[in-house]
Amino acid sequence: MSGPYRIVLRRTGGPEVLEVEPIDLPRPGPGEILIRQEAVGLNFIDVYHRTGLYPLPLPTGIGAEGAGLVEAVGEGVEELRPGDRVVYVSRAIGAYASHRSIAADAAVKLPNGIDSELAAATMLKGCTAESLIERCARIEAGETVLVHAAAGGVGLILVQWLKAIGATVIAHAGSPAKAQLAQASGADQALCCPLEGLAAEVRALTAGRGVDVVFDGVGAASWAASLASVARRGLIVSYGNASGPVPPLTVADLVAAGSIFLTRPAMFDYVATRPELERSTARLFEMIAGGAVKVEIGARFGLREAADAHRAIEARSTTGSTVLIP
């Protein structure tokens with residue numbers, strides 16, 4: 001198949017439901033830009049959309065972020081022009097495509113030194129890390145933080161960012177190799193014990209106190225460990241469901257755990273306005289340019305092989321970020 005194409009989802013299910021279909025070259029409407037995509041970011045939320053955990057009207061495209069070159073601009077677009085290098089993350093799903101028209105307000109120009117692959121591997125995960133650390137949990141130097149899935153795309157950014165601002169980081173990963181990767185990225189302690197024994201390890205490392213904050217993107221499998229690892233009046237930030245949704249709980253569960261706080265943030269609520277998006281991406285690019293955050297692209301797949309990429313991320317056989325190349 002030559003010419004413009006996209007990945008379409010006509011039914012929910014396993015990776016095999018991701019289909020390639022040809023499309024007409026999109027035309028940007030008012031306030032939009034047409035991007036010839038050079039890289040597309042793969043995120044676990046794409047799996048949630050594919051399986052129906054986060055339902056979408058069908059049929060639908062899939063994917064939230066990409067990067068490439070602006071080929072055309074619609075009426076009213078003044079800040080971007082053809083030839084500009086841009087990256088975007090958008091509530092409008094459909095990034096798995098060779099070409100895409102999106103709202104210009106969702107895209108930002110790429111600074112020199114950041115190519116399309118790095119941008120697509122970084123923006124959603126990096127803006128997620130920025131919002132979680134700096135505006136949701138408001139981590140301060142000296143606090144102790146537990147990071148689940150610390151060798152994943154978001155996890156590795158969290159570990160590096162937390163260390164850069166002076167936090168003590170306890171990382172947990174699913175294998176010794178992944179724990180070593182988290183430790184090499186700056187974690188003070190990197191564990192790969194079974195989740196059933198994690199809280200005991202965390203308590204031992206913190207003189208019985210527990211951690212000030214837990215960043216939990218795993219969900220169902222890690223919830224009990226998170227609850228048992230957090231300090232009195234600490235905070236659990238439950239930001240993902242890689243193993244399924246967190247089981248039902250009551251307010252009494254928070255009291256029993258030590259009058260703890262719980263939040264379930266979504267990145268788009270922290271970049272809800274153009275100024276918020278610009279501030280978040282500027283902070284992310286600052287952390288990358290300064291060397292505090294280094295993003296590893298652990299795997300590259302052709303966009304047409306998106307199903308294989310989904311199988312890899314669900315099997316947790318990837319580390320760092322994964323990109324799809326149209």
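**Exercise 1.** Which residues does N43 touch, not counting residues up to four places away in sequence?

*Solution.* A word on the model first: it is predicted, so local features need pLDDT of at least 70 and side-chain atom pairs count only at pLDDT 80 or more, while totals for chains, interfaces and linings use all residues. Residues are numbered from 1 along each chain as its sequence is written, and side-chain values use heavy atoms, leaving out hydrogens and water.

Step 1: list its contacts (heavy atoms within 4.5 Å). N43 touches E65, L124, K125 and I313.

**Exercise 2.** Is N43 buried or exposed?

*Solution.* Buried means under 20% relative accessible area, exposed over 50%, and partly exposed in between (1.4 Å probe, protein chains only). The relative accessible area of N43 is 5%, so N43 is buried.

**Exercise 3.** Why is strand β5 largely enclosed by the rest of the structure, and which strands pair with β5?

*Solution.* Step 1: take β5 (residues 85–89); four of its five residues are buried, so the strand is largely enclosed.

Step 1: look for pairing, which needs at least two DSSP bridges between two strands. Strand β4 (residues 65–73) pairs with β5 in the antiparallel sense over five bridges. Strand β7 (residues 107–109) also pairs with β5 in the antiparallel sense, over three bridges.

Step 2: pick out bridge partners. R85 in β5 partners L69, and V86 stands opposite K109 in β7.

Notes:
Helices (H or I, at least four residues) and strands (E, at least two) are DSSP runs, numbered from the N terminus.
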